Amino acid sequence: MGAVHTPGAFEDFARQVVPELQRRGVFRTEYEGGTLRDDLGLERPAAGAWRSRRHGV
């Protein structure tokens, strides 16, 4: 049975497992970047770059 069928499963995991992983140093405690793009290591596209992209590509 998945988390979709078990109310509170995600919250339980976040509350119980994540702190232990952080204590062991295998899960971050803070984010380094100022944006989600920074945290994911994605480059910032040039202004207007979306104009040169083809639809669906």
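Glu20 pairs with Arg23 in a salt bridge, with the closest N and O atoms 2.6 Å apart. A salt bridge here is a side-chain nitrogen of Lys or Arg within 4 Å of a carboxyl oxygen of Asp or Glu. The model is predicted: local features need pLDDT of at least 70, side-chain atom pairs count only at pLDDT 80 or more, and totals for chains, interfaces and linings use all residues. Residues are numbered from 1 along each chain as its sequence is written, and side-chain values use heavy atoms, with hydrogens and water left out.

Glu20 also forms a salt bridge with Arg24. In that pair the closest N and O atoms are 2.8 Å apart. Glu20 and Arg23 both belong to helix α1 and sit three residues apart, about one turn of the helix. An α-helix has 3.6 residues a turn, so residues three or four places apart point the same way. Exposure was classed by relative accessible area (buried under 20%, exposed over 50%, partly exposed in between; 1.4 Å probe, protein chains only). Glu20 counts as partly exposed because its relative accessibility is 27%. Arg23, at 61%, counts as exposed. Arg24 is likewise exposed, at 59%.

The structure holds three salt bridges. One of them links Asp12 to Arg15, with the closest N and O atoms 3.0 Å apart. These two residues are three apart in helix α1 (residues 9–23), so about one helical turn separates Asp12 from Arg15. Side chains of opposite charge can pair when their charged atoms come close. Asp12 is partly exposed, at 34% relative accessibility. Arg15 is exposed, with a relative accessible area of 55%.

The secondary structure comprises two helices and zero strands. Both types are DSSP runs numbered from the N terminus (helices: H or I, at least four residues; strands: E, at least two). Helix α1 has 15 residues. From its first C-alpha to its last, α1 reaches 21 Å, close to the 21 Å expected at 1.5 Å a residue. The expected span is 1.5 Å times one less than the number of residues. A bend of about 30° occurs in α1 at Val17. The bend is the angle between axes fitted to the seven residues ending at a residue and the seven starting there. After α1 comes Gly25, with a positive phi near 80°.

Arg37 lies in helix α2. Its relative accessible area is 33%, so Arg37 is partly exposed. Arg37 contacts Leu42, Glu43, Arg44 and Pro45, leaving aside residues up to four places away in sequence. Contact means heavy atoms within 4.5 Å.

Leu36, Leu40 and Leu42 make a nonpolar surface patch of about 330 Å². Patches consist of residues with over 30% relative accessible area and no salt bridge; like charges are joined within 9 Å, and nonpolar side chains (Val, Leu, Ile, Met, Phe, Trp, Tyr) within 5 Å. Leu40 lies in the segment after α2 (36–39). Leu40 counts as exposed because its relative accessibility is 55%.

Overall, buried residues make up 2% of the 57 residues in the protein. The accessible surface comes to about 5,700 Å², and 55% of it belongs to carbon and sulfur atoms. Accessible areas come from the Shrake-Rupley method with a 1.4 Å probe; for residues, only the protein chains shown count as cover.
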